[in-house]
Amino acid sequence: MLNIEIDGKQLTVEQGSTIMDVADAAGIYIPRFCYHKKLSVAANCRMCLVQVEKAPKPMPACATPVTEGMKVMTRSEAAIKAQKAVMEFLLINHPLDCPICDQGGECELQDLAVGYGAGASRYTEEKRVVFNKNIGPLINTDMTRCINCTRCVRFGQEIGGMMEMGQIGRGEHAEITTFIERSIDSELSGNIIDLCPVGALTSKPFRYSARAWELTTRPSVSPHDGLGANLSVQTKNNRVFRVLPRDNEEINECWLSDKDRFSYEGLNSPERLQRPMIKQSGEWRECDWPEALEFAVAGLMRVRDQQGAEQVGALATPHSTLEELYLLQKLVRGIGSGNVDHRLLQSDFSADSAMQGAPWLGMKIAELDQLNSVLIVGSTLRADHPLLAHRLRQAVKRGAELNLINPVDDDLLCRVANKSIVAPDAMVATLDQVRCALAGESVDAIAQAIAASLNQGERKAVLLGNLAQHHPRYAELHALAQQVAELSGAKFGFLGGAANSVGAYLAGAVPVTGGMNAAQMLDTPRHAYILLGVEADLDTYNPTKTLAALQAAQMVVVMSAYKGKAPDYAHVLLPVAPFTETSGTFVNTEGRAQSFNAVVKPLGETRPGWKVLRVLGNLMEVAGFDYDSAEQVRAEALNGDISVKLNNQLAGAALAAIICTNRGQGRSYTHGLQRIGEVPSYQADPIVRRATALQKTAAAALQGAWMNAETLSSVGVSEGADVSVSQGTDSVVLKALRDDLLPAGCVRVAAGHPATAMLGGMFDEIRVERAG
Amino acid sequence: MSDKVIFHSTHLPESWKLENYLKVDGYDALKKVLAEKMTPEAIIEQVKLSALRGRGGAGFPTGLKWSFMPKNYPGDKYLVCNTDEGEPGTFKDRDILRLNPHQLIEGMIIGGYTLGAKAGYNYIHGEIWAEYERFEEALDEARAAGLLGKNILGSGWDFDIHAHHGYGAYVCGEETALLESIEGKKGQPRFKPPFPASFGLYGKPTTINNTETLASIPYIVKHGGQKFLELGKPNNGGTKIFSVSGHVNNPGNFEIGMGTPFSELLAMAGGVKDGRKLKAVIPGGSSVPVLPGEIMMDLTMDYDSIAKAGSYLGAGSVIVMDDTVCMVRALERLSYFYFEESCGQCTPCREGTGWLYRVIHRIEHGQGRPEDLDLLESVAGNIMGRTICALGDAAAMPVQGMLKHFRNEFEHHIQHKKCMV
């Protein structure tokens, strides 16, 4: 520890800190532009120049380490003179177009110019003009405003993992740009909007729509992936205008993924369902709530009374709130059915009986960046969990080894120590090999290397991604991963796919003994269904099968914020609120319950889901539905300590059985090809699907059917050709695309997409033929 | 014995060839170091004694700089030679490469030995291609003769030198920008600390010396620090190469003892061109303040004497101006250089150099305003000492020097919208 003095304040500070660090900690504000707590020090803006006793010239606080006895003056005449001089330099070429700048009112340059700028400029020469760049649908550029602080550049290098922006040119001609006309494609790109201290990088979807000071900011929680990013939702006139990160070091830090940031556009989609609708005599019509509810209740009760309660099934999206999920299962069980599930994309439920709790990350999110070694099984990590991927990248930067067993080899933007890229079916055998290696058996080199990696270091983990959880042999992957973790002393966890993947288990939105799971409800169609937030044509493992089951049912009650394709299979449409229009709770992948309130009033006749379910419960005369508030529902749903309900372990006997029964069994495919059908990030839930700007990004484009060269030639097509792709009866024409990193015998065709939804199961057999 | 340290053999034919360098006892210093197994401490001691100061412009004592290099560092260390000679008025290092490259190589090898470096890099200015090629040829000769590379002179010690040709950016002469450039990055100075001695090339401890500095090392090793010191004057040891340009009859490089009167140097360069009157001298390259001719005539050419007069010896680049020179026009040209060469990284230099140039350009073109001179002084003052590297100071000092000594010319320009000369 060192003793220093800043502005007369005596401080005891840690060796190795900078003046900026200790001043910030002591609440002494030093003006800055290029400095950012999460980025490396650049010291280029010079705004933080301060006077240091005995130093011949002013020193940049951000880059000057403290030394014993140092005396710093941040507000002395010399310091202020230096700071004002820098401000003058920053402003001479700045356009000062604040009246037409979106950053106006939340601009660091504008704010500091009030304190350090002069009333009039001494600069009368020509100003510099920098041409704007089109860097994609999310970020708008006004590069003349840029002050070259390079925060955006450093973000790409250090956090985003890809250097998408850089500074070219020298001196006054230096400018920030992308690499030769490229767009910004990082899944974390929107953060550079927040980082930009001026109006050079602003939000394209938000542009010119509101002034910062007109907006009301309310806290919320992201409804998308399992991270549960903390949001600041900004509204005006009862409409969401913008979403910004709310700092939470333990979850999203100060970042947001683009999905969390830009999905809000979907909330204002014209596809929003605004009034209840019923289908009578084959005709759809809008109606009031009582009529719609009575219609729904009558239909459900009729099925229950005539065909039996077990003929009612409930499917819910894990993007629903805890309260909704809890009331849904309570309602269904209240009328005598055990058929309720939220695992719509899962296909293998054979481990269900061995499960002992809600599967979760198995550790704190913040522990991810401290790992020494990690094995990821089955994940399109960057797309599914952009900020967890970022944390793992930071771990790798600190020396951690990242190991991967996956059917796709997408660039993780960091070093991957060992990877086994194999067909989905072969992942099981590979993981078994790792298990064998840890048990001391002799196995192939890659499994040996992964095992060796997991055997070293203190902090290690085995994590199952979305792809593993949707895998047709999920139970085996689960059992093997559990064993691998146990043998290596690693933590074992699941990367939660949705905002409430954990919460849905806690709420009981899973079948227990006697109840049917999602697949069973569709394999053995029910006469009545309640769908909560589900877009049946997109959100299930096999949409073809789902639609067939729904279309044959007598009563399908859809509770959704969007109409979508529901009129094709539903009988009642009940408009329920998205997360911004209801209070609710998401339990994120680390088992943290985060509650939130509505930030705007429900749109049109929309009602919060928990209230709709409460009324349904009352109308169906189910006991215990007399709630006055969402808090009451929440308390009942959570019922004490969450942590004791989190458990990734399969019970011993079943575990052994799963492994022994299936060991070494590969599946065979008549036509030789297996689909890799992961859900693209921007198709993963109903809100993001309708986020117009995100849908214009490169990541959202459905590109085609990817195969490696060997597979392409085996089906006799060349790269770029049109191919007819089919699984069941329906086929779709896609472009054949080449990705030599894919394993042979696999065709990567995105799921959850309107163009491919009719194909069938995400990892089932697939046929590819030359089109036409 | 010649009274020259570096250009002692350049009157001989093909002085750059290894065989000819060996004829004048070349590589004897290296042989002595290896044969006697001289300790690094002993070599540094001699360098300190010699009062050799960095010839790149800053004049930092070389022995002291070498002693900053961590001794027991477990990883690689590097020695870098800075031949990125880009300052207007400076053209000495190219002549070293051209005429006596082996002495530089010998100096670098001894430096590498002393500092425990794994390898040496010579960063050569982008605009001197022929000299770069000659240096590469000399490296090849040295390697073939067993003087460089693996197992040097049978000593069991390995050291190699790589030539790195730059791309012509002035700022890459700044040592940390130079390191960035070797690493393949945009040539932009790093902020310090950390200093290169702890975090240099590829993040490893690195010592960077100027070409002339390193080329002086063999002499010091061979003849001892005392002998070198005696060639100059206390605290300003050795000889120094002065590049004399501008209005003289015989421009060129002159290697003379430190402390030689300027008048003698001017005479060596043939005196002021066509016998005209000496108006002003920029004594150390375009970045240092100009001094009026009458002040210069009383000075000796060494760090301390020039500094006392308010300027710097710099790299010994003497730009002589006679009485036909318009100081406004001269400053406009200088300021344009710094405006063009600023790397753009930090604010005061990126924004300030353009501002200075534009105002001076206006004055030169008859659009000056009375308040411009105070503005120039203020802007130059606001750049000075506020930037990451010394380029900001280099842009500010010429302005400050000109306004200090020739303010009346600028005022005349503003008032009469034309030149007084």
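This is a predicted model: local features need pLDDT of at least 70, side-chain atom pairs count only at pLDDT 80 or more; totals for chains, interfaces and linings use all residues.
Chain B as a whole contains 17 helices and 11 strands. Its radius of gyration is 22 Å, close to the 22 Å given by the globule rule for 421 residues, so chain B is as compact as a globular protein of that length. The C-alpha trace of chain B extends over about 75 × 45 × 35 Å along its principal axes, and 62% of the 421 residues are buried. When contacts in chain B between residues at least 6 apart in sequence are considered, 69% of them join residues at least 24 apart.

Further along chain B, helix H15 (residues 347–364) packs with helix H16 (residues 372–383) at an angle of about 160 degrees, their axes lying 10 Å apart. Because angles over 145 degrees count as roughly antiparallel, H15(B) and H16(B) are described as roughly antiparallel to each other, and the crossing by which H15(B) passes H16(B) is left-handed. From H15(B), the residues that take part in this contact are Pro348(B), Gly352(B), Thr353(B), Trp355(B), Leu356(B), Val359(B), Ile360(B), Arg362(B) and Ile363(B), and they meet Asp372(B), Leu373(B), Leu375(B), Leu376(B), Val379(B), Ala380(B), Asn382(B) and Ile383(B) of H16(B). Sorted by class, the contact of H15(B) with H16(B) comprises 12 nonpolar, 3 polar and 2 charged residues.

Another position in chain B, Met296(B), belongs to helix H12 (residues 293–296). With a relative accessibility of 0%, Met296(B) counts as buried. When neighbours within four places in sequence are set aside, Met296(B) is in contact with Phe262(B), Val281(B), Pro283(B), Leu291(B), Met301(B) and Ile306(B).

Chain A, in turn, has a secondary structure of 23 helices and 32 strands. A compact globule of 772 residues would have a radius of gyration near 28 Å, and the 28 Å of chain A agrees with that expectation. Along its principal axes, the C-alpha trace of chain A spans about 90 × 65 × 60 Å, and buried residues account for 63% of the 772 residues. Of the contacts in chain A between residues at least 6 apart in sequence, 72% join residues at least 24 apart.

Within chain A, the axes of helix H8 (residues 322–334) and helix H19 (residues 630–638) come within 9 Å and cross at roughly 70 degrees, an arrangement that makes H8(A) roughly perpendicular to H19(A). On the side of H8(A), the contact involves Leu322(A), Glu323(A), Tyr326(A), Leu327(A) and Lys330(A), which meet Ala630(A), Val633(A), Arg634(A), Glu636(A), Ala637(A) and Leu638(A) in H19(A). By class, the contact of H8(A) with H19(A) holds 7 nonpolar and 4 charged residues, with no polar ones.

Key:
Residues are numbered from 1 along each chain as its sequence is written. Chains are lettered from A and ligands numbered from 1 in the order in which they are written. Side-chain values use heavy atoms; hydrogens and water are left out. Axes are lines fitted to C-alpha atoms, for helices over the stretch in contact, and angles run from 0 to 180 degrees between N-to-C directions. Helices (H or I, at least four residues) and strands (E, at least two) are DSSP runs, numbered from the N terminus. Angles under 35 degrees count as roughly parallel, over 145 as roughly antiparallel, 65 to 115 as roughly perpendicular and the rest as oblique. A crossing is left-handed if the near helix is turned anticlockwise from the far one by less than a right angle, and right-handed if clockwise. Contact means heavy atoms within 4.5 Å. Ala, Val, Leu, Ile, Met, Phe, Trp, Tyr, Cys and Pro count as nonpolar, Asp, Glu, Lys and Arg as charged, and the others, Gly among them, as polar. The radius of gyration is taken over C-alpha atoms; the globule rule is 2.2 Å times the number of residues to the power 0.38. Buried means under 20% relative accessible area, exposed over 50%, partly exposed in between (1.4 Å probe, protein chains only).
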